[in-house]
Amino acid sequence: MSAARRLLIGIDVGGTFTDAVVLDAASGELVEAFKLPSSPSDPAQAVINAIDAIAKKASVAGATVCHGTTVGTNTLIERKGSRTALLATQGFADVIALRRQARPSLYGFDVRISEPLVPDALRFGVAERLAADGSVVTPLSGQDATVDALRRAGVEAVAISFLNSYASAAHEEAIEQAVREALPDVFVTRSSDICPEFREYERTSTTVVNAYIGPAVQRYVARLGEALGARAIERFMVVKSNGGLTSPENAARYPVHLIESGPAAAIIATAAYGRARGLPNLITFDMGGTTAKAGVVRGGEPIMAAEFYADRLVEGKDLGGYVIRSAVLDLVEVGAGGGSIAWLDEAGVLKVGPVSAGADPGPACYGRGGARPTVTDAHAVIGTLVPSLFAASGVRIDRAQAVAAITQDIAEPLGWPVVRAAYAIIDIAVANMAQMVRLATVQRGLDPRDFAMLASGGAGPLHAAAVGEEIGAREVIVPPYPGMFSALGATLGAVRHEVTATVLRPLSGLTDADLHESFARLQERIDVLLAAEPEGKEHPAPERILEARFVGQMFELAVPLGPGGTAFPPIAEIETRFRSLYASEYGFDLPNARVQAVNLRLVARLPLGGRSTLAAERHDAPIDHPATTPLLLRDGREIAAPLHDASSARTEPVAGRAIIAHSGATVWLHEGQRAVIDADGSVVITLKGAAA
Amino acid sequence: MTIGGDTIITRDPVTFEVVRSALYAICAEMKSVIMRTSFSPLLSLSADLSCAMLDAKGAVVGQGNDIPVHLGAVPFTVRAAFGAFAPETWRPGDGVVLNDPYLGGTHLPDVSLMMPIFVGERLLGFSLSRVHWPDVGGIAAGSSSVCDEIVKEGLRIPPLKIIEGGQARADLLNFILANVRVPEDRHGDFRAQIAGANRAELRLRELATRYGADVVADVMTQTRAYSRLLVERRLQALPDAVVEHEERLDGDGVDADVAPRVRVRLTKKGATFAADFTGSDPCVNGPINAPLAVTASAVYYTLLSLTGGDIPPNEGVYDVAKISAPEASVVNAVAPYPVVAANTETSNRIVDVLLAALAKAYPEQVPAGSYGSACVYTLGGTDPRSGRRFVHYETVGGGAGATAHAVGASGMRTHMGNTMNLPVEATEAAIPVRFLGYEIVRESAGVGRHRGGAGVRKAFEVLADGVEASLLGERTLSPAHGVAGGGQGACATFICRRASGEVVTLAAKSGPHKLNRGDRIEMVTAGGGGWGKPKA
């Protein structure tokens, strides 16, 4: 390994393991990929340990480290955020408790709703009021008293969100300045900076979450930045929920934009992988221990959503969560993972999840005290969880425990053989996940048959062929290092920023000059963000988007207006584009309805480095394994299923039924399916339903 | 599959679970399409609509996580539609609309559209959406005001075959639109309902293609049996009881000192559950009379919640509840008595009466009284900024009752409704009002080992002359009850402060009021009751 080589390092911190992927920055070639234990009490330590482990073999001087982090999410979920105050317009400070006034579940007397992150005593009404057009109704007053109250309350973070501040930031800016001057150590977020869009609950909630997790993320980023700097790492970038990368400075200012950092990185890897293989349309299927997630890549780009509810599901129950307005990769999630528990309801109907055995005690077959049957136990019973393949990870698979748990909870009450119960558990889990993939595709008018499905996560490869078959995907691909996709994805992103302004005007009343002026202001805002990025000096023209709807409607569609610097399309052409988008989404146009411009959005992307392909070199040592492994069929017969490993390419297809060991994960190939192992280490599965 | 001697699921249980959950998912998708294409903030932002999937005989086999008062009334809607158009006469692309509260509707603004779904020649089921139109005519903008007979409440639509072979009948549609305010927006809302039905049809056909129409039809039957069995199991686990309770409603807004009594006798024996409303007062002249469909919805809601709240709701559950209510009473309205406030107000009070009765037998299982209301206010007029006519309809949350396990939620919608508020910023951008406050009134919560939820104060000023305002609230006179020694919640208050300085206390149901620039309305909803004796 040459000492001059500069490295590109991707690191993803999970609950149990921290994954590291090391690439050659110039060629994009894989240098190494490894896992080490996470350090939950101090997550930065595992990242530093990973860097030190890399540094033992190669120089990390001048390297770039890209990092997907769950620090923000965990701070929120574990309620370990800062003592946060809310400054709101007088008379409206309960906005975060009143929410949208709807309860998350309909029937039942036990109504539980996510507790506001700012308690009663720390919600302060401020004398001020703006009208919907931004004009002043009541001037801002009492700043000194407000600051005194904050000081007395001993807060660590302050969220500022005034009514109608999307139309004018003047009052928020004035109070922000007063707070910053008086309390320089307090973390301050104002809504007109982080989310200048109308709808006060959504905007305030976003602002509050940012303030609440802000200091923790700031400390984490600062600590890592220091440690990495001491190791002569040149650049340190963080993955945002929109899949883009950002500098530590921007990450610390807008931590709420990092809340889906880890899953976003996996989708970015999927998109990059798809582009490299010439597969622009992909369904991403990521299954871990407690949940499975699906997303969609179209035309090489992941589908995005404008908002997200964090910490919504607690033990499988919807508590409403915390809404965050922020561009986020649009993922559908279900409580179906390897650790999901199988159970019978009172009518004797088999259910799987959403309760999970988690990492502790884990599935019964792990022998750590888990007594309830899980999806993983079903695999242990059937034989698709091959004990010898797990030896390296230190986990010992005890099939007898799995048999006992499934027998007691499922097979015996139903009067079934244990193998039938095991298959039923997997069938239900697969059905739940197929439903999730349908939510991610057909509900957006997409046909899964036009897509290849790409599986990642620890449990993804085991179920991918079955889920793919169920939804009718064209083919299923299990890429190299499926369990480390988030770490890989972290290295493949681009810097991405978005800024938005609400206009709320009839489209026909907008002029070319209005568009020029509004986008010029957005450009100023995005320039500030880009200036904090290492590559922010020269960048490609940002994309301009107008979000529009019919007057009277409340949901918008995004109309692209071309890159910055080009002429705007004529207003009439923008309207035509909107109408054709609407017709393709909902099946009809409304010729008599007028079109309203709602938001203008500017999106800037800076590719990081020069990699466009994923040329993962193969570094797996061949696995020492028997040629076959016992596999129970649905009818209870035992066969000796061929056991292959994917450490070397194989153009001659493997026919199902078969098990393929694949860089730490297991691929289950069913009867009638065929798979080849590509030169880049991907397992490519042709499904039964697919045309030959 | 056989459990405890009951054969419920004859086919593969995995297929059962998959198809069953798909029926519910279709309802959710249908709702999302309607919200996205509708023209009313009440739909797109407040989600005041519900969707259901019916089998070929019209029984509910799936429903959305929507509005309990809409959903429980669906069996009545189906009976009315079939009464007018026999099941065998429906053809692909037909659609029946109705809103008649005495004949399958709930109140006039809730407009239902039922469409059949065929797979080839075979009728496999129906989709049904019930959508709250912000206006259906009548004496006041928003069609939710106070008057003394149904014809003044708005346009009453008995079952009409408004869509035939996929074509909406322009004559019928134009007739309806000629009788409502802001007809172009209502036309958009109707288009949204059709878009929702089309999506449901597409999805049910896909399901039939994937699993076979026979399998889907079987699962539809079994899913009712499944839910019924679960409800019966859980009822069986409760001790038997016969309990009674009565309360008086706040006034009806028409006649002074009218406070009709709602009385119930609940009998829980074995796996049966019966609610007998004998002894409830006759219909009154104001709009608080509940159609039987609304009263039944309140009973269904209470039964589903008492049995855990997690049983998939469908007609199998509704079949368990036996309801009797005297004809021409406040819990079984007949023409021409007005009904509009029963949907939002009386229905919630009926739930509280049922809960107070149940608390006598099962205090650990039921919450204390709630704010007993949806607290509806409506505004109508012309926006001087644009010259455009507007109609505004919004509900206001209040205090929920505490339970043996937890405090009550504050400022949330409870029981029979679950519509969202409208963002203050969206409303101020759309119509000439300015809000003065929207906050929790902490002292309104009933005390207790667990305190009740608190009500909220929502106040606004109008910025134009000639704005028409109406209010439908509850519990200005009768506080929410506590359970097991918990205290009552505070009562609601509604006040109009004129720009002239005059202050008028408004009755729970009042309007239409003419408001001019600078006039203010202040609404404070009631608090919920507490549970258990407060600590000394």
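Student: What distance separates the centres of domain 1 and domain 2 of chain B, taken over C-alpha atoms?

Tutor: In this predicted model, the centres of domain 1 of chain B and domain 2 of chain B are separated by 30 Å. The domain assignment places domain 1 at 2–227 and domain 2 at 367–536.

Student: What makes these two domains of chain B count as touching, and how many residues does the contact take from each?

Tutor: Two residues are in contact if their C-beta atoms, placed from the backbone, lie within 7 Å. The contact takes 20 residues from domain 1 of chain B and 23 residues from domain 2 of chain B. On the domain 1 side, helix H2 (41–44) and helix H3 (68–72) of chain B are the elements that give two or more residues. By class, that side has 13 nonpolar, four polar and three charged residues.

Student: Why is chain B called as compact as a globular protein of its length?

Tutor: The globule rule gives 24 Å for 536 residues, and the radius of gyration of chain B is 23 Å, close to that value, so chain B is as compact as a globular protein of that length. Along the principal axes, the C-alpha atoms of chain B fill a box of roughly 70 × 60 × 40 Å. Chain B has eleven helices and 22 strands.

Student: What share of the residues of chain B count as buried, and what does the term require?

Tutor: A residue is buried if 20 or more other C-beta atoms lie within 10 Å of its own. By that criterion, 65% of the 536 residues of chain B count as buried. Among contacts in chain B between residues at least 6 apart in sequence, 75% join residues at least 24 apart.

Student: Which element of chain B gives the most to the side that touches chain A?

Tutor: The contact between the chains takes 63 residues from chain B and 46 residues from chain A. Elements that each supply at least two residues of the chain B side include helix H6 (183–211), helix H7 (213–236) and strand E16 (433–441) of chain B. H1(B) gives the most, with nine residues. By class, the chain B side has 33 nonpolar, 19 polar and eleven charged residues.

Student: How many residues of domain 1 of chain A are in contact with domain 3 of chain A?

Tutor: Six residues of domain 1 of chain A are in contact with six residues of domain 3 of chain A. The side of domain 1 has no nonpolar, four polar and two charged residues. The C-alpha centres of these two domains of chain A lie 34 Å apart.

Note on methods: Residues numbered from 1 in each chain as written. Chains lettered and ligands numbered in written order. Predicted model: local features only at pLDDT ≥ 70, side-chain atom pairs only at ≥ 80, totals over all residues. Domains from an automatic or database assignment. Helix = DSSP H or I, 4+ residues; strand = E, 2+ residues; numbered from the N terminus. Nonpolar A, V, L, I, M, F, W, Y, C, P; charged D, E, K, R; others polar. Rg over C-alpha atoms; globule rule 2.2 N^0.38 Å. Buried ≥ 20, exposed ≤ 12 C-beta atoms within 10 Å, placed from the backbone.
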